[in-house]
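Work through the exercises below with the sequence and coordinates at hand, and compare each step with the solution that follows the task.

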Amino acid sequence: MAGVTTIHLVERALLVSIQDDVTDTEIIDLQDQLSHRISEEEVRGVVLDISALEIVDTFVGRVIAQLAGISRLLDAETYVVGMRPAVAVTLVELGMYLPETRTALSLTHALTQLRRA
Amino acid sequence: MPQTATTNILAILEADFNGIIEEWLGTQVSEGVKRSDLFSDSESRSQNAELLKAFSKGVRAGVVDAEFDLEDTAWEDLRAVLADVTKERVNRGVTPTEMATFVLALKSPLFSRLEAMLSDDPSSLIQEVMLVTRLVDAFAIYTNEVFIEERELIIERQREEMMELSTPVVELWDRVLTLPLIGTLDSARAQEVMENLLQTILERQAEVVILDITGVGTVDTQVAQHLLRAAAAVRLMGAECIISGISPMIAQTMVQLGIDVGTVSTRSSIRTALADALKTVGYVITKTRDH
């Protein structure tokens, strides 16, 4: 399977890079794994790198929003980083403003903000 | 040899080609559509000669049993010449009336020659005149269509240029961008603005964007919607968006319309917005001396 997403723990934050060929099942699995790891490893934040994503639909948008909701309940901030312009336009057009998530230009920016928090 | 419908016209065109051109030019002068101010005599003459040559070629091959269709391949020379001539004329500011009259003026030299040729056969004269009328009318209608197309192309090009001109994203400082919006913000422009802005954020890795609407005359619900969507997209990219230049009038309108800006920061002037933006990226503006 090409699109297996790995989760890295860096500075008490979980880094996940979502690949462009991610399937709906994989993203649901990811949601499950992340919820477990957030509570087990007492992380401060989850950083979702979506710079490889060229296309989003309402499903992916909703999963990201749910992930942010889950993280918040487990006391962690969710950062979405590296969103492409076309993806941002699409999400806005779909009315998915992702208010629960924090956003950053890149991983570096997200980690800087997490350190400050 | 069977007499085809176009024999007489072709004979006329061949016998007195230059005479027809001179008379055509003459009619254009008397109708007041020659525009000697825009075209020199030799230019007009060569344009007319080319058109007439292509026209007779079309008549020779493209008219079958008094029927014809300017879209046929037989008429492609005429269409090509016409496209060139029309383009030239549009660029120099000729009006549609002048353009149509210019072509219709071809009728009178053809009619007078047909009359001289067929004076003893009134019924075929009428038929010939009707055919010529249909041909020249179709020619003129086609000309006007090309003319309008050409103008529309110009309008479209200018619209695109205006679009580009009106959405300059300026880098005010390291990681601080501003987009001064001027005029009205319709859907097409809002889209253009947003795409342009997001692309620049990516390229410059900007952290703060100031959308300045000082130059936007009125803000209705739709314009507000566009602005807020742009701000939301900017946030999704990971940058902060400040909308500046909200005049007291616009603030009142926005509240009366029930527009909720949510978490987007708004400032009355670009000056305060800039100070805030610089603070976000880690700079302060300090005064170095008193006046």
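A salt bridge is taken here as a side-chain nitrogen of Lys or Arg within 4 Å of a carboxyl oxygen of Asp or Glu. The model is predicted, with local features needing pLDDT of at least 70 and side-chain atom pairs pLDDT 80 or more, while totals for chains, interfaces and linings use all residues. Residues are numbered from 1 along each chain as its sequence is written, chains are lettered from A in the order in which they are written, and side-chain values use heavy atoms, without hydrogens and water.

**Exercise 1.** Find the salt bridge between chain B and chain A, and describe the side of chain B that touches chain A.

Solution. The count between the two chains is one salt bridge, in which the side chains of B:Arg229 and A:Glu93 meet at 3.5 Å, N to O. On the side of chain B that touches chain A, the elements giving two or more residues are helix H8 (187-204) and helix H9 (221-237) of chain B, helices being DSSP runs of H or I with at least four residues.

**Exercise 2.** Determine how many residues of each chain are in contact (heavy atoms within 4.5 Å) across the interface, and how much area is buried.

Solution. In chain B, 16 residues are in contact with 19 residues of chain A. Chain B and chain A bury about 1,500 Å² between them, 62% of it on carbon and sulfur atoms, where buried area is the accessible area (1.4 Å probe) that two parts lose on being put together, summed over both.
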